[in-house]
Every structure is written in structure tokens, then in C-alpha cells.
Amino acid sequence: MTTFNSSPTIIWDFGTAYELFISLHVLLEPEYFGIRPAYAASVRARIPAAERKLLEELYPVLGVPLKWVHTLPAPKDAISALWALKQIPPARRMLELYRVDEPYESDGSENSEKHKAFKDNLLRIATEGKWTSADASFFLKHLNKKLSGVKRESVESALDWWSRPADLGEAYLSAFQSYYQAFFEEEEKRIEPALRAGLERAQALAATVTFEELFTELSQGLQRGDEFNADHFIFAPAFWTTPLVFFEKYDDKTMLLTFGARPVDMSVIPGEIVPDALVRSLKALSDPTRLKILRYLTTENLTPSEIARKLQLRPPTVTHHLKELRLAGLVELSLMHEENRYTARKQALHAVYENLNAFLEGDKIKEAS
């Protein structure tokens, strides 16, 4: 069994530059994050066609450059991030943004070995200026374990770009500048106060609870497993991914994690008066199977396999329902066992009724406690 440091060092970070990259990731994978696909498509449509195509094909492959954003100097806002990106020579831009050519020592675990192979292959393709059919198969297999429905032609297009580092560096910066001008410049003004308030709440909470309690609260129901075993944690608030977390190993002793900080009374869609958290909760509770699952999880800590046997359902069906409950923040997920275990977040269930009543009566919705 893994031995955890019960009181890791906490490093707090803040910057709307995180959201510049995170928001686009969410807009490209809206269903995974519970965002209305039609709204996400309408935002993407504001980006010029060629640049939109580049982002749609390449960005899901590369993901959010959390580590690079953390290295930026204050104020770490979007415009300073774009300026810093522009200062990097085009041929080096993507390698530095995703830290592809920095030394990486595998810890011997399967995930670590796969991550090293991923980076090594990207570096080789950029250096040699070419890729093979075997490379496309490797990346397709790797990506399909994280994202559903990745097509081979999309992977091949991404590798075509990656084999031309200078061209990609220029096109990538231009695409993000267009995204900033078309959407994020105004969005940044809207979400910055919520992010600052979320950071202040997290810091205040850290002074009153244990690290494990803090981790579970900031992740809205996640109990850390082996992948979250670190001596130091960098915590930064995020708006668009709420209630989920983004995380990345910063070095061999440090984990970088962005936690959901969107208020429960605020929607991810500007101008929408119905809060996302309330809609997600009611949607999750409207399904009879999910209600049955919650009934079991209120009294027991169960794995997906155990739930499947109780309900006589296929495990993939149960996993789908658990994902919806997790997205609504109604279940707690423990990663400390050989198979993930779930339990109901009773305080969140109680908050659903209170928040619905508050919304209908025009009162301020409260955070679950």
C-alpha cells in the first residue's frame, strides 16, 4: 500500500492564463465537461476557419500546458501569456510550451513509461521532420484511452503539423491570438473575480482542515490515490472545469492541480441565469437508475462492479451513470483501492434541495458545506 505524506507543502498559484488554455480545452470537449455542445460550437465558430481547424485537430492531442503557465511571472493573465509565447522562436515554441525536450525520468510505473514514450516520440518527430504509420498508430492508441472517438486522420493531421515545428509554432500562436480576440478577452473579465474568490475560499479552508479534507473539498469529492502522491502540491483555481480537476506531475515530488472554483450560483455560459451546478444536479437526479445507485451509495462504499451486480446492469452502463453523478458533484470517488470506490456526498445532496428552493425564490445559492 502506498504511504502518503499526510501534510504536503501547499503552494498557491493564480492566473487567468490557466483559463485561456483550459476554457478552449473544455469548448473542444463540451460533452465530457457537461457543457452545452451548441454553445461550445457557437464560440468556436467565432475563430477563423483555418485556425479553428488547427485547434480542433491538434489541441485535444496536446492538452493544457499547465506546467508552462505555472512558470510565467505575475500577473499570469492571458495577454502576458500570449506575449511570452511570442518571445519563443517559432521552431522552439511548441517544444517549450509542452516541455517536450526537458529531461524526463520515468519512475518505472506503467503510466510514467507511457508518458515518457509519448514525449520521446513527439521530440523525435519534431527533430527529424517526419513521422511514420507506426507513429500514428501509437498516438491513436494512446489518445483513445483518454478521449473517445479520436480518428486516425485527425492524428495524422496533427503529426503533419508537429513534423514542421516552425510552421506549427507560428500557426498555433496565431490561432490562440484569434481565440483571445474572439472570445477570451471578454470572458477573462467575467471570470477573474470568481477565480480570486475561489482562491481566497480555498486558502481560508486550508487553515481549518487536514490536507486530505482540503483535497477532497477542492476536488469536490475526490480522495487521492497513487497518482496524487506528492510532497508538494501547487493549487490554482479554475472556472471552466468545475467540478473536475486538471492535474500534472510537475517534478518527481510536486503535483500541479487546478481545482474547480466556479460559484454554484454562476453559469459557465455568460448571461445564463440558471446555474450549471443546479442543472447538473437535477439532471443527474432525474434518472431512475442514478437514484437507485445513490440509494445504495448513501449507506455503502461500493465499486462499479458491485453496483452492477446489485442492479443487474453491465459495468459500462454503471460507469456512465457514475460519471454523471461525479460531474454533478453528488458522489465521492476514492482512488485508494485496486478498483475505484464511490460513496454519496450527503452534504451535496442536501444542498440540491436548498439551492433549488433558493433559485426559485430569488435568494443567493449557497456552497455545499
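Begin by selecting W68, W162, Y172, F176 and Y179: in this predicted model, these are the residues with the most contacts inside the largest nonpolar core, which has 77 residues. Next, colour helix α10, residues 165-206; this helix gives the largest share of that core, 14 residues.

Now centre the view on F176. Which residues is F176 in contact with, leaving aside its neighbours within four places in sequence? They are L20, F21, L24, L55, Y59 and L82.

The tour now turns to the backbone. Most peptide bonds are trans, and most residues other than glycine have a negative phi.

Select A74 and P75. The peptide bond from A74 to P75 is cis, with omega near 15°. P75 belongs to the loop that runs between α4 (66-71) and α5 (78-87). Then move to T242 and P243, where the peptide bond is also cis, with omega near 10°. Here the loop containing P243 is between two strands, β3 (232-238) and β4 (246-251).

Continue to Q220, which is not a glycine and yet has a positive phi of about 55°. Look for Q220 in the loop between α11 (211-218) and β2 (222-223).

Finally, select Q312, a residue other than glycine whose phi is positive, near 55°. The loop between α14 (304-311) and α15 (315-327) holds Q312. Is Q312 buried or exposed? Its relative accessible area is 73%, over the 50% cut-off, and Q312 is therefore exposed.

Key
Residues numbered from 1 in each chain as written. Predicted model: local features only at pLDDT ≥ 70, side-chain atom pairs only at ≥ 80, totals over all residues. Heavy atoms only, no water. Helix = DSSP H or I, 4+ residues; strand = E, 2+ residues; numbered from the N terminus. Buried < 20%, exposed > 50% of the residue type's maximum accessible area, 1.4 Å probe, protein only. Core = buried A, V, L, I, M, F, W, Y, C linked by side-chain atoms within 4.5 Å. Contact = heavy atoms within 4.5 Å.
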